[in-house]
Amino acid sequence: MANGTVLIGHTAGITRLTLNRPDKLNAFTRTMMAELETALAAAGSDPDCRVVVLTGAGRAFSAGQDLADGVYVKGGPQPDLGLVLDRYNPIIRLVRTLPKPVIAAVNGLAAGAGASLALACDLVCAARSATFMQAFARIGLVPDCGSTWFLPRLVGEARARGLAVLAEPLIADKAEAWGLIWKAVDDEKLVGEIDALAARLAAGPTYGFALMKAAFEASADNTLPAQLDLERQLQNKAGQSPDYAEGVAAFLEKRTPSFTGRPS
Ligand code: LHQ
């Protein structure tokens with residue numbers, strides 16, 4: 001989409017989705033949510049897409065919900081924000097269930113639903129100048145789009161609650177140190193770092209990655225015995241993939257594997 005609120009690019013197995021409302025710090029409008037959901041679903045079913053990179057245009061990743069897009073009308077009726085979340089939640093579910101890795105390239109501030117979206121991704125790399133802000137409390141809201149689920153799991157209850165209640169920006173270095181994100185990199189190195197990471201994952205065992213995502217997703221609710229059973233089932237599937245055969249053959253032949261990413 002050339003002039004959309006989400007720019008879409010495809011190269012060599014990599015789909016790049018760029019939130020594109022830089023003047024408004026890529027705050028989410030209804031249009032942007034719809035375009036992102038459509039683009040993610042398309043990337044999910046595109047066999048030529050083996051990794052998705054999600055980033056923002058300009059100086060922010062995303063400032064979260066566009067507060068001027070019908071979620072508040074001065075003197076008007078109280079809105080049902082649950083209906084607003086009915087538009088976000090499918091996006092978060094898609095990121096989590098997409099059968100390929102999703103990388104968040106957090107180029108700048110990620111606030112509110114923008115922070116939640118980044119945290120939903122499989123790998124989060126942030127520019128050192130980026131900050132993560134659970135902005136919700138600043139406007140009397142509850143963290144949403146999965147943040148109350150992601151935060152305690154990533155950083156523990158104490159830090160999760162502090163981030164939510166205080167709604168202060170957390171710098172990328174500290175986010176990395178706390179385990180909120182994978183990595184903070186120098187601003188000028190972010191694009192190169194993401195390109196290298198995306199190229200590496202695009203050449204990876206995509207089907208295995210999809211099964212891996214399913215395993216991690218289920219682990220949140222599973223007992224260890226149930227998770228062991230699930231791993232057994234998933235490994236059975238992975239073991240029948242051509243990438244397993246190729247991976248082992250390449251190891252034994254002392255060469256680099258050439259993965260197709262396909263289940264069969
Ligand atoms: C914005 C926004 C924005 C509109 C910057 N909206 N224009 C919420 C509601 C409903 C249900 C579902 O769930 C949610 C989830 C959420 O995401 S709640 C959290 C919503 N986000 C916020 O509360 C953050 C609001 N923004 C800010 O506090 C500041 O803009 C931050 C601290 C992010 C950045 O400050 P500055 O660097 O000083 O930039 P700025 O404020 O000057 O913003 C630049 C422009 O972007 C400006 O527009 P303008 O036309 O005046 O130049 C802002 O109005 C616009 N903008 N965030 N969320």
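Which residues does F132 touch, not counting residues up to four places away in sequence? That was my opening look-up, with contact taken as heavy atoms within 4.5 Å. I found that F132 touches V106, A110, A118, V124, A126, E168, P169, L170, A172, A175, L180 and I181.

A note on ground rules before going on. I am working with a predicted model, where local features need pLDDT of at least 70, side-chain atom pairs count only at pLDDT 80 or more, and totals for chains, interfaces and linings use all residues. Residues are numbered from 1 along each chain as its sequence is written, and side-chain values use heavy atoms, with hydrogens and water left out.

**Entry: the cores**

I looked up the nonpolar cores next, a core being a set of buried Ala, Val, Leu, Ile, Met, Phe, Trp, Tyr and Cys residues joined through side-chain atoms within 4.5 Å. For burial I used relative accessible area: buried is under 20%, exposed is over 50%, and partly exposed is in between (1.4 Å probe, protein chains only). The largest nonpolar core has 49 residues, and L36, L40, V106, L117, F132 and L180 touch the most other members. Another core lies apart from it, with 16 residues that include V53, L190, A198 and A202.

**Entry: helix α3**

Helices here are DSSP runs (H or I, at least four residues), strands are E runs of at least two, and both are numbered from the N terminus. How many residues of helix α3 (residues 113-120) are buried? I counted 8 of its 8, so the helix is mostly covered. The buried residues in α3 are A113, G114, A115, S116, L117, A118, L119 and A120.

**Entry: α4 against α5**

Two packed helices are described by the angle between their axes and the distance between the axes. My axes are lines fitted to C-alpha atoms, for helices over the stretch in contact, and angles run from 0 to 180 degrees between N-to-C directions. Helix α4 (residues 147-155) packs on helix α5 (residues 157-166) at about 135°, with the axes 7 Å apart. The pair is therefore oblique; under 35 degrees would count as roughly parallel, over 145 as roughly antiparallel, and 65 to 115 as roughly perpendicular, with the rest oblique. On the α4 side I noted L151, P152 and V155, which meet E157, R159, A160 and L163 in α5. By class, this contact has 5 nonpolar, no polar and 2 charged residues.

**Entry: α8 against α9**

I then moved to α8 and α9, which pack at about 170° with their axes 10 Å apart. That makes α8 roughly antiparallel to α9. From α8, Y207, L211, A214, A215, A218 and S219 meet Q227, L230, L234, K237 and A238 of α9.

I also checked one residue in each helix. G208 sits in helix α8 (residues 206-219) and is partly exposed, at 24% relative accessible area. E231 sits in helix α9 (residues 224-239) and is partly exposed too, at 42%.

Most residues other than glycine have a negative phi. K254 lies in the segment after α10 (242-252), and at 77% relative accessibility K254 counts as exposed.

Technical notes:
Nonpolar A, V, L, I, M, F, W, Y, C, P; charged D, E, K, R; others polar.
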